[in-house]
Amino acid sequence: EMKSKLLFGALLFVSNIAFAQSNDPVIMKINGQPVSRSEFEYSFNKNNSEGVIDKKSVAEYVDLFVNYKLKVEAAKEEHLDTLKSFLDEFAGYRDQQIRPAMITDADVEAEAHKIYTETQQRIDGNGGMAKLAHILVLVKQRATVNEQKAAKEKIDSIYNALQHGANFAELAKKCSDDKASAVNGGDLSWITKGMTLKEFEDAAWALKKGEMSKPVLSPAGWHIILMEDKGNFFPYESQRADILRFIEQRGLREKIIDNKLDSLSKQENTTPAKLLEAKRLEMESKDSDLRNLIREYHDGLLLYEISNRNVWDKAAKDVAGQTAYFKKNKKKYKWDEPRFKGMAYHVKDQADVKAVKDAVKNLPFDEWADKLRKTFNNDSILRIRVEKGLFKKGDNALVDREVFGVDTIVKPLKEYPIDAVYGKKLKAPKEMSDVKAQVLADYQDMLEKEWVANLRKKYTVWVDENVLKTVNKH
């Protein structure tokens with residue numbers, strides 16, 4: 001590969017485009033649209049990696065890939081790629097991949113500086129920071145006159161001791177009612193205005209460094225405050241890690257990206273959407289995996305929409321088609337053993353055994369549940385308990401015993417001691433609804449095959465066998 005690169009470099013007339021093509025040749029054309037080898041490889045390797053149960057060879061995968069691309073072409077022909085719902089969803093996905101690359105670490109750092117500066121100005125403009133300690137004697141909200149008097153006497157005696165040389169931290173540990181700070185000798189560490197009570201704050205900020213207040217009354221009680229240190233807000237470096245964490249936790253990165261897109265689009269007289277699209281093309285030109293990932297998502301959205309219209313949704317709504325398919329392919333849906341189509345039910349009252357049967361006797365099976373609910377279990381009083389369905393042996397103990405003659409113990413239901421069953425034993429499915437899920441899957445499968453056969457007739461498919469041989473071998 002190195003040799004070929006040097007060779008191409010020497011041939012000055014070989015343009016970059018020709019070089020790119022030689023590096024990533026066209027492996028196939030679907031409806032005239034070229035597919036590069038790297039796109040095919042990306043898809044093949046992703047869907048046939050280690051741990052995939054049904055691994056395909058390259059040759060086997062070509063058919064699946066061609067069918068996929070044919071459906072994408074069909075979606076484009078129906079202009080599904082111009083639907084607002086498609087464009088919005090695709091733009092959302094593309095932006096997830098591209099938006100983070102619109103900013104650099106420097107942009108995030110600048111936002112961190114901005115947050116820091118705003119905080120710093122707010123705090124320093126409002127008295128800065130104070131490193132305080134205090135001793136608190138609590139006064140309850142509804143303290144009696146005697147309790148108030150006792151609290152005042154206690155704070156005065158502490159203040160008196162401090163004036164005569166007692167150690168502030170020792171007294172705080174012993175006497176302060178603010179237990180959280182008492183263990184640290186009354187230390188509240190650094191605080192800013194607005195974090196504590198106004199009366200406390202006014203007294204604290206009036207102190208000079210090293211000064212101690214007289215007893216001060218606040219709604220919490222009596223304080224003696226020690227101003228250990230005063231200063232401006234902490235330096236940026238000490239706060240940087242916390243601010244960056246704050247930016248991530250609050251999802252502020254998205255706001256930084258929005259701001260950058262806004263200012264760039266004003267500078268360059270364009271729109272944020274166009275900037276993102278240009279960034280995508282730039283990133284894709286350098287990173288084929290990203291290009292293939294985004295294309296896979298783009299085509300995948302189209303594939304989902306067109307498949308839903310032509311196969312899944314279409315089959316699900318076409319009950320007549322499902323029924324006709326079932327009638328035509330009845331042999332396919334034979335059971336290996338009989339089923340019981342009906343219900344196992346439990347009642348409180350012997351008369352209800354017959355009443356339940358009479359209620360549903362002439363009704364289609366899918367209307368039973370509704371009729372029973374309205375007849376027996378309305379007004380939130382449960383007269384009966386019912387399990388309805390298509391039972392095979394082993395599904396339900398009561399059905400096993402009553403219908404299939406299995407010697408088994410049926411646990412009685414506490415408040416519904418009388419058990420009964422009602423329905424028909426079937427050797428094979430009688431109607432489509434007996435095997436609905438299977439019929440629907442098979443019917444979808446048939447529609448899919450017919451659709452693909454039509455697409456193969458409609459669009460030309462050309463595969464370069466020589467390039468195909470080089471997949472994962474270059």
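Leaving aside neighbours within four places in sequence, which residues is Tyr236 in contact with? The points below start there; please keep in mind that this is a predicted model.

1. Beyond its sequence neighbours within four places, Tyr236 touches Glu109, Ala112, His113 and Tyr116. Tyr236 belongs to helix H11, residues 236–249. Its relative accessible area is 9%, so Tyr236 counts as buried.

2. Turning to charged pairs, the whole structure holds 44 salt bridges. One of them joins Asp202 to Lys198, with an N to O distance of 2.5 Å. Both residues sit in helix H10 (residues 198–205), four residues apart, which means about one helical turn separates them. Asp202 is partly exposed at 42% relative accessibility, whereas Lys198 is exposed at 54%.

3. Asp442 and Lys332 also form a salt bridge, with 3.6 Å between the closest N and O atoms. Because Asp442 is in helix H19 (residues 436–458) and Lys332 is in the loop between helix H15 (319–328) and strand S7 (339–347), this pair ties together parts 110 residues apart in sequence. Lys332 is partly exposed, at 44% relative accessible area.

4. Within helix H17 (residues 368–376), Asp370 and Arg373 are three residues apart, about one turn. Their salt bridge has its closest N and O atoms 2.6 Å apart. Asp370 is partly exposed at 32%, and Arg373 is partly exposed at 48%.

5. Finally, do look at the network in which salt bridges with shared partners join Arg94, Asp95, Glu277, Arg280 and Glu284.

Conventions. Residues numbered from 1 in each chain as written. Predicted model: local features only at pLDDT ≥ 70, side-chain atom pairs only at ≥ 80, totals over all residues. Heavy atoms only, no water. Helix = DSSP H or I, 4+ residues; strand = E, 2+ residues; numbered from the N terminus. Buried < 20%, exposed > 50% of the residue type's maximum accessible area, 1.4 Å probe, protein only. Contact = heavy atoms within 4.5 Å. Salt bridge = Lys/Arg side-chain N within 4 Å of Asp/Glu carboxyl O.
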